[in-house]
Amino acid sequence: MIDISKIRTQFPILSTEVYSRPLVYLDNAATTQKPRCVVEAEREQYYTANANVHRGVHYLSQQATDLLEQARSRVASFINAPSPQEIIFTRGTTEAINLVASSYGQLLREGDEVIVSEMEHHSNIVPWQLLRDRCGVQLRVIPFGDDGTLDLDAYEALFGDRTRLVSITHVSNVLGTVNPVEDMIRLAHGHGVPVLVDAAQSVPHMSVDVQKLDCDFLAFSGHKVYGPTGIGVLYGRRSLLEQMPPWQGGGEMISTVSFDRTTFEDIPYKFEAGTPNYVGAHALAVALDYVEEIGLDNIADYERQLTLYAIERLSAVPDLRIFGNAAERGAVISFLVGNIHHLDMGTLLDRLGLAVRTGHHCAQPIMTHFGVEGMIRASFSFYNTEAEIDTLAEGIQRVRKMF
Ligand SMILES: *Cc1c(COP(=O)(O)O)cnc(C)c1O
């Protein structure tokens, strides 16, 4: 069970006000707020255990290195990766996908194909387009229907003898759709094709197990799972990571360097050039402990109820159109009301203390699909309440009457 009042006291920002109104933070798909323990963990490390990692014999350096490697193990256990060596720290989901596109991309040839979907975040589209421009790899796109679910027959039909990778989102950051990635991975593996899962919107909200999914890569961002900004994770299957060349060069990732020849470290260090965000990694581990203490199944249950309640309240608003109604959905609702511009709605809701997101949500192909320029998005966390959803529904009604 979720003890909501206790949880809310752990997030100082939730008791702040905007425009003299209590903040109602419903932009959790963009970033989550931080519990005290995460902020304190960063502060504590800077005050007592800060030194560059992996290079020092001195006490502090060893301490910082231990914290970083413990964080790696913590991340591995959180997503049930077979080994911490398969966990690479990045700046976030975007950098994790760029790493795969750059490095795994070097194993691809002109005419090879990468399958993505029509509902991807730009960070799972543009890196593949850059690869296309560099070496002629082709992008194939799985379409979705107006209900916000992927067309799985079309997906199957996209496979050919040049298909080299599938890269798909687990949960859509706009439509809320939870894609059947386990089935999609099985199908891809049947064709001998590895799969990258963009788990930015799933890891914070449900239990994610890379061995159960049997995915080959999985990416997520610390800041969306109550951790700090500037730290993220790429999980990669060992056999693939070992074949892949480094994507950035520098310190930390080498074994020996001479002007004739440089040899590289083993995984994961081969992919971590330069001083890593070791403080962020440690604080991310603390965030994962925090989330696990609440319990991912508790979180998923609570957020499911909250989302159903929100759908019910919002559906009662005349002229309100929700985009995407997949049976399996996450804690995200995107909508428009009549002809009211999304920016006007967002701006007026903001005046009522309601933080929602407006615009294309880094997923312009979804906007194109529905023939709209932007949407309003409310996205929930376990610290949100039904009372806050009431405030949202009443706020939308108020704005609607102004037009
Ligand atoms: C937020 C998000 C990303 C990008 O994450 P960054 O933290 O900005 O790198 C990618 N995919 C999805 C589905 C997202 O929601």
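This note sets out backbone features and pockets of the structure above.

1. The model is predicted: local features need pLDDT of at least 70, side-chain atom pairs count only at pLDDT 80 or more, and totals for chains, interfaces and linings use all residues. Residues are numbered from 1 along each chain as its sequence is written, and side-chain values use heavy atoms, with hydrogens and water left out.

2. Most peptide bonds are trans, and most residues other than glycine have a negative phi. The bond from isoleucine 267 to proline 268 is cis, with omega near 0 degrees. Proline 268 belongs to the loop between strand E12 (262-264) and helix H10 (278-294); helices (H or I, at least four residues) and strands (E, at least two) are DSSP runs, numbered from the N terminus.

3. Glutamate 252, although not a glycine, has a positive phi of about 75 degrees. Glutamate 252 is buried, at a relative accessible area of 13% (buried is under 20%, exposed over 50%, partly exposed in between, with a 1.4 Å probe and protein chains only).

4. Cysteine 362, also not a glycine, has a positive phi of about 55 degrees. Cysteine 362 is partly exposed, with a relative accessible area of 33%.

5. The largest pocket has a volume of about 350 Å³. A pocket is an open set of points on a 1 Å grid over the protein atoms alone, where a 1.4 Å probe fits, with protein on both sides within 12 Å along at least five of seven lines; lining residues have an atom within 4 Å of a point. Grid points are joined across faces, edges and corners, and a volume is the space filled by probe spheres set on the points. Helix H11 (residues 296-315) supplies the largest share of this lining, 6 residues.
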